[in-house]
Amino acid sequence: MISKKISPLITLILLASFQWSCSGGGGGENTANLSPQVTISYPKDNSSVVGNAVYSLKFSEAVTGLTGNNLNAACEGSIQLSPDNGGNCYPISIKSTDNISWTVDPVGELSDGAYSLTVTTGIQNLYALSPASPTSVTFNVKDALSTVANQLESDLIKADLSKDLAEVAKSFARTAAGSEKNDLLNVIPAAFDGAFDAIATAGLNENLTQAALSTIIESLLSNVAGQASLVSDHSAARVTVLPPNFSSLLKSLTTRVAIKSASSSTTLQILATALVSSLPAAGATATEIEIIYVRSIVQTTTTVVMTTNTAKTARDSVLVGLGAGVIAGAKRITEMTVNVDTIQTTTTESMTAAANSSDEEYDVSTATTAIVTAVNTETPTSIVDKSAPASCSLNGQTVAHGSTVSAYQASSVAFGNTCTGETRSCSDGNLAGSYAYTSCTVNPASQSSSDYSADGTTFKITVKSPDYYSNKYYVDGVQTKSLNLKKGFTYYFNVDEFSTNSHPLFIGTSSGGGNYSSEYSSGITNSRATSGILTFTVPNDAPSTLYYNCGLHSSMGGVINTSPSTVPAETSPAPSPPSTPPSY
């Protein structure tokens, strides 16, 4: 029989063991005394990513205090994204659903280069402990699309275009090239199409249009300089010769130039001048320009012009513009000495051969004679009548020099409101005033019992530039639409469209936006969103008037009117958010 008595010695041993383990003996540690640990899971150190990648952080426990830059400025906050060689930090959006796993999304896209992502010690866990030391990774961005688009925006601003219009051109370029293989060989020609369309529809005066079109070509070809290849990852070593596939790029770009301008002698002349004059900056030698690349430009363009136009007068006019543009481009080259007479010969021979190949009966002498005239003229031949004052354009409507047009602040206003208008006058291509609409209607009175959006409504948010000088939020396709929301109801703002990438959405108690002024956070999930869904469950104590704004730019948003719900909150649970954004 086993005795039920326990030896006093055993009792002492068990008690000491219990006290030892509770005090942290035996290698155990009190987790309340541990600093939070972080892993930067993406990007990995020394890896390569695209310019619009979203980065991932994971902490050992829930943390708070994750902040970063709202603007491209001196580094601040606990999460810092900067060039690897130092300088300002980039604006970022930081999000989490559990305070353990976090995403860091750069506002906009990064161009090619080396960058650092750093998690500082300004973060705390629930015990107010911070990481023992900063954690950082260095990575490379290799993204032809982002690099080309960013360079284009910068160059257009330098050419005196408004920042808003430059952003529109960048957006159009990204959209046009977005489905192409992400290398310079494919991105540059496609980006031209998008940027050209943005400028062609902007209603600029003649001088600004010419400057913008020239800048597009110069900017796109500037990306070629020093590249070892146009199709592989960009080499860290810069070279002093053109990459071997430059001829393919130039032919592809010239083809798109010719298609866009095959019916306009003026436009073709501008673009041909820019193509030729940009060749030295891309890395071409004088001999390559005189013999190889001018021949490629002229042959490719002449073939497209001959195919597009059948009437002799149309062909003559456009080919005269081509010849004048090539000679003007040659005369603009200052980086080296090129022989204009040799370029004249190359242009004449190439144009004649390509024209005769397309139509043996066509007499090209009108164009070739104009080439000789262009060579012998001190100032490059221009077919634009500079003596005539330029007209203006408003929403596709031509406004003659000295004329006026009625314009309105909005295309429509709510019932009971009045359209606000102004008279805009045209003076040599400059249209005074700012209102962008040529008509305005007053919406009829609502026929429904309520003007308020239903519980669970999803609003599709996009960004457009109605006048090419300023961006505006569009809600379900309506510019700065006023929203009427019920307190206690839940609403979803879908910001998945690409145009919102550089325009973080937030709700505030004042209009204007920029710098997240007067941000309202009650009932809101995913504020400052540039993608995904911003969810707003309207609190019962919400102000009667709120505003949806952009955190980085002012005057983009609209009004949110809130009203008490007639349905008790406990009988109206919030609908679940859409698992995937609705299709529009």
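**Exercise 1. The whole protein**

What does the accessible surface of the protein come to, and what share of it belongs to carbon and sulfur atoms? Then describe the overall make-up.

*Solution.* Keep in mind that you're looking at a predicted model.
- Step 1: the accessible surface comes to about 27,200 Å², and carbon and sulfur atoms hold 51% of it.
- Step 2: turn to the inside. Of the 584 residues in the protein, 45% are buried.
- Step 3: list the secondary structure. You'll find 12 helices and 27 strands.
- Step 4: check the contacts. Take those between residues at least 6 apart in sequence: 67% of them join residues at least 24 apart.

**Exercise 2. Getting to know Ser101**

Work out where Ser101 sits, whether Ser101 is buried, partly exposed or exposed, and which residues Ser101 touches.

*Solution.* 
- Step 1: find its element. Ser101 belongs to strand S7, which covers residues 101-106.
- Step 2: Ser101 has a relative accessible area of 32%. Buried means under 20% and exposed means over 50%, so Ser101 counts as partly exposed.
- Step 3: look for contacts, skipping the neighbours within four places in sequence. That leaves Leu57, Lys58, Lys95 and Ser96.
- Step 4: Val63 is 38 residues away from Ser101 along the chain, and their C-alpha atoms are 9.5 Å apart.

**Exercise 3. Reading a sheet**

Give the strand order of the open sheet that includes S8, and pick out its edge strands.

*Solution.* 
- Step 1: write down the order. The 4 strands go S2-S10-S8-S5, with mixed pairing.
- Step 2: find the edges. Strand S2 (48-49) and strand S5 (79-83) each pair on one side only, which makes them the edge strands.
- Step 3: recall what holds such strands side by side. Strands of a sheet pair through backbone hydrogen bonds, either parallel or antiparallel.
- Step 4: zoom in on one pair. Strand S8 (residues 113-119) and strand S10 (residues 135-141) run antiparallel and are joined by 7 bridges.
- Step 5: name a bridge. Tyr115 has Phe139 in S10 as its partner.

**Exercise 4. One face of a helix**

Why do the buried residues of H12 line one face of the helix?

*Solution.* 
- Step 1: size up the helix. H12 (residues 365-376) has 12 residues and spans 17 Å from first to last C-alpha, close to the expected 16 Å.
- Step 2: list its buried residues: Ala367, Thr368, Ile371, Ala374 and Val375.
- Step 3: look down the axis of H12. The buried residues fall within an arc of 110°, so they line one face.
- Step 4: link this to helix geometry. An α-helix has 3.6 residues a turn, so residues three or four places apart point the same way.
- Step 5: see what this face meets. The buried residues of H12 pack against helix H10 (312-332) and helix H11 (340-358).

Note on methods. Residues are numbered from 1 along each chain as its sequence is written. This is a predicted model: local features need pLDDT of at least 70, side-chain atom pairs count only at pLDDT 80 or more; totals for chains, interfaces and linings use all residues. Side-chain values use heavy atoms; hydrogens and water are left out. Helices (H or I, at least four residues) and strands (E, at least two) are DSSP runs, numbered from the N terminus. Buried means under 20% relative accessible area, exposed over 50%, partly exposed in between (1.4 Å probe, protein chains only). Contact means heavy atoms within 4.5 Å. Two strands pair if DSSP finds at least two bridges between them. The expected span of a helix is 1.5 Å times one less than its number of residues. The arc is that of the directions from the helix axis to the C-beta atoms. Accessible areas come from the Shrake-Rupley method with a 1.4 Å probe; for residues, only the protein chains shown count as cover.
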